[in-house]
Amino acid sequence: MASTSARPFMLLALCVLLQAFISAQSSGSPFNVIGRVYCDTCRCGFETPATNYIEGAKVRIECRDRKSLQVVYSNEGVTDSTGTYNISVENDHQDEICESVLVSSPVADCKSADPGRSRATLVLTRYNGVINENLSANAMGFLKDQPLAGCTELLQQYAPDT
Ligand SMILES: *[C@@H]1O[C@H](CO)[C@@H](O)[C@H](O)[C@H]1NC(C)=O
Ligand SMILES: *[C@@H]1O[C@H](CO)[C@@H](O)[C@H](O)[C@H]1NC(C)=O
């Protein structure tokens, strides 16, 4: 009798322990959010063989509370010579909506963020079983003011000729 009534408590204790273990683990090593920033030289909304990657672009990671939508965490980074950023994010963000957001581009004629490619959704929690600290985000892009000559030919490769 005593052992059966103790069982729920044991289960609860186990859960608490496990949760403490997981949160200790997640606060221990930050996530590295890895992604690339490009200049859409053909202004077509996606990466093409003519796409350049931008060095020195600023990117911000933002996490918002699901209910209030207030920003509760943010951190910034800059892309390297391959257009890649690596921004570390501390703690777990299970109850938040996190995104990578374009901030600015140093390229004079490629400064306007493509509205369709200016944010990338991130899942920054280890409660879903993810243990890899490297998290890759979808690439984001700025639009070149004038499309390069040669883009029409290039884009024809994507259009099935009927
Ligand atoms: C990102 O930066 C962190 C901290 O500087 C480093 O430990 C990690 O290896 C980097 N990840 C990549 C993929 O470069
Ligand atoms: C994260 O990336 C770094 C640098 O590329 C690498 O050394 C490390 O092994 C990666 N971690 C995992 C868990 O894949």
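What share of the contacts in the chain with a separation of 6 or more comes from residues 24 or more positions apart? It's 69%, where contact means heavy atoms within 4.5 Å.

Before I go on, a word on what we're looking at. This is a predicted model, where local features need pLDDT of at least 70, side-chain atom pairs count only at pLDDT 80 or more, and totals for chains, interfaces and linings use all residues. Residues are numbered from 1 along each chain as its sequence is written, chains are lettered from A and ligands numbered from 1 in the order in which they are written, and side-chain values use heavy atoms, with hydrogens and water left out.

Okay, the overall layout. The chain has two helices and ten strands; these are DSSP runs, H or I of at least four residues for helices and E of at least two for strands, numbered from the N terminus.

Of the 162 residues, 33% are buried. Buried is under 20% relative accessible area, exposed is over 50%, and partly exposed is in between, using a 1.4 Å probe and protein chains only. The chain exposes about 9,900 Å², and 55% of that is supplied by carbon and sulfur atoms. Those areas come from the Shrake-Rupley method with a 1.4 Å probe, and for residues only the protein chains shown count as cover.

Now let's go inside, to Ser100. You'll find Ser100 in strand β6, and its relative accessibility is 0%, so Ser100 counts as buried. Its side chain makes a polar contact with the side chain of Tyr85, at 2.9 Å. By polar contact I mean a pair of N or O atoms within 3.5 Å; within protein, one must be able to donate a hydrogen and the other to accept it, and residues adjacent in sequence count only if both atoms are side-chain atoms. Leaving aside neighbours within four places in sequence, Ser100 is in contact with a whole list of residues, including Val33, Val59, Ile61, Ser118, Leu122 and Met140.

Arg43 isn't a glycine, yet has a positive phi of about 50°. Arg43 sits in the loop between β1 (31-40) and β2 (52-53), and is partly exposed at 41%. Asn91 isn't a glycine either, and its positive phi is about 70°. Its loop runs between β5 (84-89) and β6 (96-104), and Asn91 is partly exposed at 40%.

What about rings? Arg36 lies over the face of Tyr53, 3.7 Å from the ring centre, and the charged end of Arg126 sits over the ring of Phe31, 4.1 Å from its centre. That counts when NZ of Lys or CZ of Arg is within 6 Å of the ring centre and within 35 degrees of the ring normal.

Last stop, the ligands. Around ligand 1 we have Asn32, Ile34, Asn86 and Asn134, each with a heavy atom within 4 Å of it. A polar side-chain atom of Asn86 is 2.4 Å from an oxygen atom of ligand 1, and the protein covers 34% of the 360 Å² of accessible area that ligand 1 has on its own.

Around ligand 2 are Asn132, Glu133 and Asn134. Glu133 brings a polar side-chain atom to 3.3 Å from a nitrogen atom of ligand 2, while a side-chain N or O atom of Asn134 is 2.3 Å from an oxygen atom of ligand 2. Here the protein covers 30% of the 360 Å² that ligand 2 has on its own.
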